[in-house]
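These are notes for a colleague who has not seen this structure before. Please read them with the sequence and the model side by side.

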Amino acid sequence: MSTLAAISALSSPTFWVSLLTLIGIYASVTMLLNVESGWGGMWDLGIVGLLAIGSYTYTIVTNPPGEFEVSYAPGWPVWAGILAAMLMTGIVAFLVGLPALRARREYFLIITFAFAEVFRQLAINLGDLTHGTVGFNSVARPFESFFQRDALRAVLLVVTWGAALLVYALTRRISRSGYGRALRAMRDNEPAALSLGIRVSRLRLQTFVLVGVAIGGIAPLYMWWLRYANPNVFRAQFTFTAWTALVLGGIASRFGPVLGVAVLLLFTELVELIDVPPELRNVHVAVHPLAIGLLLVLVLRFRPEGLLSERRTFGERARRQTALDVAMAAVASRLRRLGRGDAVRAEAL
Amino acid sequence: MRRIFLSLLAIVVLGGVVLSCGDDDEGPVKLGFLAGLSGDYSEWGPPSQDGAEAAIGVINESGGILGRDAELVVQDNLSTPEGAVTGYNRIREEIHALGGVESDGAVALLGTVAEDEMPTMCPACGTTVLDTEGGNYIWRITASDTTYGIISAQLARDLGFTRVAMLVQQTEGTESPANVFKDVWENKIGGEIIADVRFAPGSDSYQAEVEQAFAGNPEAVYIGAGPQAGIPILREYIARGYDAQILVSPDLQVPDIAEAAAELPTGRILAAQVTDDFESPAYSAFAAAHQEYANKPPPTGFYETNQFDQYIILALAMTAAESTDGPDVAAQIYSITNAPGTKVYTYADGVAALERGEQIDYDGPSGTIELNTSTGNLVSPKVAVQHIVSGGYTAREVIELDASLGR
């Protein structure tokens, strides 16, 4: 690609609409990953599994009957497909969470990673329902009858960022609530949190299911963008990209996931657009992951907590707080909310 | 930070809108090449690109397209559907037609290129999805997985086998021909499948799968896999001293596999693969162009001739249409590839015939290019049996598809 072509790509509205849509989708997923992993301490390497369940559920239930050789294609409307995707990912998150959340840290990480791969294998082998390795190359999109081509893509960009804003508002609300404080207390010192009455098991499961339901709502956006549901799409690469963005942006910071995704995907695109002669094309391709690794190393060298930090998100006061303080604040908030006990006394603790 | 980020984004997008409002009728005609230069298809990427570059060289040497230079716009799709969508959107505004696409990318872009009215060529797509869904803005100039599956079953039948086992990797590109093979073998030929072993790629060893596939002493084993799984499977087969005939899927027809199986007797591993038309005058012209623009003689088995042909067809269609607009170009594709018309084998001859006002029928180094006007698929792809000789695949005989086995 010549330099001129690279400039041309950067000046193409289609390119930006597509890229910004993808950034919006990844940003939503990464913000949700931040809730469970950054604040809840649940290192989830199976986020792509939930995305796959949501995507397949949406695609299957919205497929018009007879379009694919599958046993179930009810042809539901788009809104029903979104609800079905949210419901299904919520149920699966609950069923997976029940056994998986008994494990901690790396054990939980391995279980969730395995879950995502198991689901991919199910998608391959339940061909009667999922169309096997071929998948679905037609995905119902909203507003198709109202807008044409580029206008539709622009509308879907707005919808995607509307959803991302909703997810941001949700995470912001969580971060400021007793629920968010309880999550962080549980992450920092589980015995202390337990001793203060936080029902850790329930809190972990609640969070896992909440994230599952929300991922179910994001999955159709991904399908609208990609227009292709296939087991190959839901490889671990998606999870790794979300995690890389999270680390880059700042684990447990509120806006960090969005910034991390934007920086990572924009940087990836810029590396891709670097002009190289054809004979160096293979070298260029091989240098991609190296360049991204280098970016990560540089950011972590000079900003160990990521571009935005948790301390910055939660202010100076939080910097001085110990984990126990956070746990106590969470309990106080909880007591106040439930109206049980003496909130003033709890604050005094 | 947020404000700065959003401001920068707004500047870039607005700048983009302004910059993109250029005149489309000037400057080079840009032809996209969207292929897997990294990832699973990377083994095919560079030779495919060489074929494409040779075509662009030939087109420019012959005066370009409508008096304008042709330019290849190369994009890596990372061998993933997501990479194909991102890569396509990166170049969509600047290109006049698209080529190089493989199965995953083609299926992911099927609806999008039709919406965008972007003429798109599939020189290396086997996917069965395109058996019925191409024809308007997407054309396939290679054999379908359906053809490979049927031909493999036909080959097993002609060799006199009745009991066959299958060892198949669970990916779209490998399962598609395997499923057709199984269907034809059991339902059309009446043969027996004594074991159908499916496996997920990515393991270091496939001992258990090989054991299962060969346990019932099959006369032949159909192996459908990518090179990464194929090499350990073949090593296991050699180490265990099995002697069953091996039939392999198209993905295993690469030099690494041929080298891994070099010690086996000639003919032990058979493959059905599209073959170039080496006798055609188009092939000698292609070989010379490849030598000139890629600085090496063309390899075989990497779809390099198909990559070459796609751009010649697109350029001739633009010449015939006297336009680079998608709908105009798309409307001319069948008139370029299908009879009747003056048979032409090179771009220069095609342009000359078009300028004389003749209708043309282009056949390239990849063989006879006659497209089904409903589906955009090759009517009769040329497929040959390939043997491994001295660590490399060699085409032996062209096989005619038995029409009674068609689905």
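1. Helix α2(A) passes α7(A) in a left-handed crossing, left-handed meaning that the near helix is turned anticlockwise from the far one by less than a right angle. Helices here are DSSP runs (H or I, at least four residues), numbered from the N terminus.

2. This is a predicted model, in which local features need pLDDT of at least 70 and side-chain atom pairs count only at pLDDT 80 or more, while totals for chains, interfaces and linings use all residues. Residues are numbered from 1 along each chain as its sequence is written, with chains lettered from A and ligands numbered from 1 in the order in which they are written.

3. The axes of α2(A) and α7 (residues 149-176) of chain A are 9 Å apart and meet at an angle of about 20°. Axes are lines fitted to C-alpha atoms, for helices over the stretch in contact, and angles run from 0 to 180 degrees between N-to-C directions. α2(A) is therefore roughly parallel to α7(A) (an angle under 35 degrees).

4. Among the residues that meet here are Leu20(A), Ile25(A) and Met31(A) from α2(A), and Leu157(A), Trp161(A) and Val167(A) from α7(A). Contact means C-beta atoms, placed from the backbone, within 7 Å. By class, the contact of α2(A) with α7(A) has 16 nonpolar, 6 polar and 1 charged residues. Nonpolar covers Ala, Val, Leu, Ile, Met, Phe, Trp, Tyr, Cys and Pro; charged covers Asp, Glu, Lys and Arg; the others, Gly among them, are polar.

5. Contributors include Tyr26(A) and Leu33(A) of α2(A), and Ala242(A) and Leu246(A) of α11(A). This contact has 6 nonpolar, 4 polar and no charged residues.

6. Leaving out residues up to four places away in sequence, Tyr26(A) touches Thr241(A), Ala242(A), Ala245(A), Val261(A) and Leu265(A).

7. Chain A as a whole has 16 helices and 0 strands. Of its 349 residues, 50% count as buried.

Technical notes
Contact = placed C-beta atoms within 7 Å. Helix = DSSP H or I, 4+ residues; strand = E, 2+ residues; numbered from the N terminus. Buried ≥ 20, exposed ≤ 12 C-beta atoms within 10 Å, placed from the backbone. Parallel < 35°, antiparallel > 145°, perpendicular 65-115°, else oblique.
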